Amino acid sequence: MYLQKLRDEKPLIHCITNIVVANFQANGLLALGASPVMADAVEEAADMAAVSSAVVLNIGTLKAVSVEAMCLAGERAAANGIPIILDPVGAGATSFRKAAVLSILEKVPVSLIRCNAGELAAIAGIDWQAKGVDAGDGEADLEQLALEVATRYSCLVAVTGVEDLVTDGKRVVRIAGGHSLMTRVTGVGCLLSAVVAAFVAVADDHKLEAAENALAIYKRAGEQAAALSTGPGDFAVNLLNALYAITEEDLL
Ligand SMILES: Nc1ncnc2c1ncn2[C@@H]1O[C@H](COP(=O)(O)OP(=O)(O)O)[C@@H](O)[C@H]1O
Ligand SMILES: Cc1ncsc1CCOP(=O)(O)O
Ligand SMILES: [Mg+2]
């Protein structure tokens, strides 16, 4: 379990992220015990990546220039052995997003892709009814697709939803729990990608185990927050509080 190590080490997480969730993502990382920095200028993306413990590439409100910054940050992170987490937000929604994700995956050795079912389908190149940044609708064996994508890009793949799964292309771990309110606040998925990055940042070669910890802690925090909430508004605040207060014992 890497939660205490994360809180002891307070890893710096460099996020190139979208304008919708940047504040929530930064506050969620702080609440958990990590340290966020948002920096997306091409002039500094690589330098910021070099001094960070993990880099998050999130394509939520993508511009051509952000793709350039992501590649610069990703290439420098890779050269320094720093893990890179990709959140392919809405990858199937437009051809621009899909092409950008595939080009990042070609150029940057991503450590882990954290996505929903629709985004996984887009990366795998299968038919799916995309719906903006949401999972959308389709029929697919998500475990099989995740295994294929993990093998194709030599990375971990975490697919989230009612049930999460994470794989390294061989082993598959499933995580149940969470709460439907997690789909009623924007950025809950984006924050999860940053939380996964913070866990992976302190885990050296045990990235699969760290990702599994992150997904389980996050679903549990979602349950704890929901138990105190009357709706999405206080759920957002209660999720930050739950990330702050959660302990390893809460998973037992
Ligand atoms: N219906 C649900 N029931 C329980 N947990 C959920 C549900 N939908 C999503 N989650 C949780 O919400 C978090 C964000 O996942 P998801 O909604 O798939 O991401 P995104 O917002 O990127 O689509 C994950 O921890 C996931 O397990
Ligand atoms: C609504 C929206 N539009 C572009 S990015 C974004 C946020 C998506 O956040 P999440 O994937 O966590 O729901
Ligand atoms: Mg998302």
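Start with the largest nonpolar core of this predicted model. The core has 95 residues. Select Val196, Ala198, Phe199, Val200 and Ala211, which have the most contacts inside it. Then colour helix H8 (188-201): this helix gives the most to the core, with twelve residues. In soluble globular proteins, nonpolar side chains tend to be buried together.

Stay with Val196 and show what surrounds it. Leaving aside neighbours within four places in sequence, Val196 is in contact with Ile85, Leu112, Arg114, Ala158, Ala211 and Ala214.

Next, show the sheet. Eight strands make up an open sheet with mixed pairing, and their order is S2-S1-S3-S4-S5-S8-S9-S10. The edges are strand S2 (35-38) and strand S10 (172-175), each of which pairs on one side only. From one strand to the next, the twist averages 20°.

Strand S1 (residues 12-16) runs parallel to S2, and four bridges join the two. To find one pair of bridge partners, select Leu12 and Ser35, the latter in S2.

H8 lies across S1, strand S3 (54-58), strand S4 (84-87), strand S5 (112-116) and strand S8 (156-160), and runs at about 160° to S3. Helix H9 (207-227) lies across S5, S8, strand S9 (164-167) and S10, at about 170° to S9.

Select helix H2 (residues 22-32) next. Its buried residues are Ala22, Phe24, Gln25, Ala26, Gly28, Leu29 and Leu32. These buried residues pack against S1, S2, H8 and helix H10 (232-245). Just after H2, stop at Gly33, which takes a positive phi of about 125°.

Turn to the ligands. Around ligand 1 there are 17 residues, of which Asn116, Thr160, Gly178, Met182 and Gly189 come nearest. Helices H8 and H9 are the elements that give two or more residues to this shell. Coloured by class, the shell around ligand 1 shows six nonpolar, nine polar and two charged residues.

For ligand 2, select Asn18, Val20, Val21, Gly60, Thr61, Val89, Val133, Thr186, Gly187, Val188, Gly189 and Cys190. By class, this shell has six nonpolar and six polar residues, with no charged ones. Finish on Gly189, which is listed among the residues around ligand 2 and among those that come nearest to ligand 1.

Conventions
Residues numbered from 1 in each chain as written. Chains lettered and ligands numbered in written order. Predicted model: local features only at pLDDT ≥ 70, side-chain atom pairs only at ≥ 80, totals over all residues. Near = placed C-beta within 6 Å. Nonpolar A, V, L, I, M, F, W, Y, C, P; charged D, E, K, R; others polar. Pairing = 2+ DSSP bridges. Axes fitted to C-alpha atoms, helices over the stretch in contact; angles between N-to-C directions. Contact = placed C-beta atoms within 7 Å. Core = buried A, V, L, I, M, F, W, Y, C linked by C-beta atoms within 7 Å. Buried ≥ 20, exposed ≤ 12 C-beta atoms within 10 Å, placed from the backbone.
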